[in-house]
Amino acid sequence: MSQWNYRGRNNHVIIEKFITNTIHYEVYVCDGDIKTIVLFVDGMKIPFDESWNRTMIYTSSVPPLHVVRDKPQTFSRITALASKCGKLYSEYTAIPLVRIGIHQDESGNVMFGEFTGATAGGNVGSELVSKTFGTWWLDALRTRNVGLTS
């Protein structure tokens with residue numbers, strides 16, 4: 001395993017019903033606040049900010065800024081679920097930044113997929129993304145008043 005945070009854990013397997021034809025979102029949440037939403041569609045990873053404006057923040061190459069998709073009708077449910085899960089995760093683990101996987105089926109049902117504190121699989125990617133994620137993390141720790149001075 002290349003992800004340090006999973007080493008030494010009981011590696012239990014959970015088997016779930018396989019769901020097809022879903023839209024997949026990765027929502028990056030810091031202490032319950034939505035930071036970035038990545039839409040996986042048509043073989044692309046399209047990042048948006050918390051208000052569904054296109055950004056270039058992501059861990060790998062993304063399409064140009066002119067490639068956009070309409071805000072989903074379920075946007076408020078997606079962000080509410082991600083925010084709540086992110087807040088619970090950070091309270092339980094003390095890890096402020098978490099990636100929440102959300103799926104939406106053809107009927108508009110919004111479903112929790114996964115969460116992980118290894119927000120980019122242990123490899124954040126570009127220097128810009130590393131700095132951005134690091135700033136979110138440090139700002140959250142400063143807000144918690146854990147003794148960081150700069």
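1. W52 counts as buried in this predicted model, because its relative accessibility is 8%, under the 20% cut-off. W52 is found in the loop between strand 3 and helix 1. Its phi is a positive value, near 75°, although W52 is not a glycine. The backbone at W52 may deserve a look on screen for that positive phi.

2. T55 has its place in that loop too, between strand 3 (44-48) and helix 1 (75-93). T55 counts as buried because its relative accessibility is 18%, against a limit of 20%. Leaving out residues up to four places away in sequence, T55 touches P47, F48, D49 and L65.

3. As for the overall layout, the protein chain has 2 helices and 5 strands. Along the sequence they follow the pattern β-β-β-α-β-β-α. Of the 150 residues in the chain, 39% are buried. The chain exposes about 9300 Å², and carbon and sulfur atoms supply 53% of that area. Among contacts between residues at least 6 apart in sequence, 47% join residues at least 24 apart.

4. How does the span of helix 1 agree with its 19 residues? At 1.5 Å a residue the helix should span 27 Å, and the end C-alpha atoms are 26 Å apart, so the two values agree. Helix 1 is followed by A94, which has a positive phi, near 70°.

5. Which residues of helix 1 are buried? They are F75, I78, T79, A82, C85, G86, Y89 and S90. These residues cover an arc of only 140° around the axis, which means that they lie on the same side of helix 1. An α-helix has 3.6 residues a turn, so residues three or four places apart point the same way. On the other side of helix 1, S76, K84, E91 and Y92 are exposed.

6. The buried residues of helix 1 pack against four named strands: strand 1 (23-30), strand 2 (33-41), strand 4 (97-104) and strand 5 (110-116).

7. The largest nonpolar core has 18 residues, and Y25, V27 and I100 have the most contacts inside it. Strand 1, strand 2, strand 3, helix 1 and strand 4 each give two or more residues to this core. Helix 1 gives the most, with 5 residues. V27 touches I34, T36, I37, I78, A82, V98, R99, I100 and I102, not counting residues up to four places away in sequence. Apart from this core lies another, of 9 residues, among them L97, V129, F133 and W136.

8. The loop between strand 1 and strand 2 holds D31 and also G32. D31 counts as buried because its relative accessibility is 18%, below the 20% limit. Phi of D31 is positive, near 50°, in a residue other than glycine. G32 is buried because its relative accessible area is 11%.

9. What does G32 touch beyond residues up to four places away in sequence? Its contacts are S83, G86 and K87. G32 and Y89 are 57 residues apart in sequence, while their C-alpha atoms are 8.7 Å apart in space.

10. S90 lies in helix 1 and is buried, because its relative accessible area is 4%. The contacts of S90, again without residues up to four places away in sequence, are D31, I95, P96 and R144.

11. C30 is buried because its relative accessible area is 3%. C85 counts as buried because its relative accessibility is 18%. The structure holds 0 disulfides.

How values were computed: Residues are numbered from 1 along each chain as its sequence is written. This is a predicted model: local features need pLDDT of at least 70, side-chain atom pairs count only at pLDDT 80 or more; totals for chains, interfaces and linings use all residues. Side-chain values use heavy atoms; hydrogens and water are left out. Buried means under 20% relative accessible area, exposed over 50%, partly exposed in between (1.4 Å probe, protein chains only). Contact means heavy atoms within 4.5 Å. Accessible areas come from the Shrake-Rupley method with a 1.4 Å probe; for residues, only the protein chains shown count as cover. The expected span of a helix is 1.5 Å times one less than its number of residues. The arc is that of the directions from the helix axis to the C-beta atoms. A nonpolar core is a set of buried Ala, Val, Leu, Ile, Met, Phe, Trp, Tyr and Cys residues joined through side-chain atoms within 4.5 Å. A disulfide is a pair of cysteine sulfur atoms within 2.5 Å.
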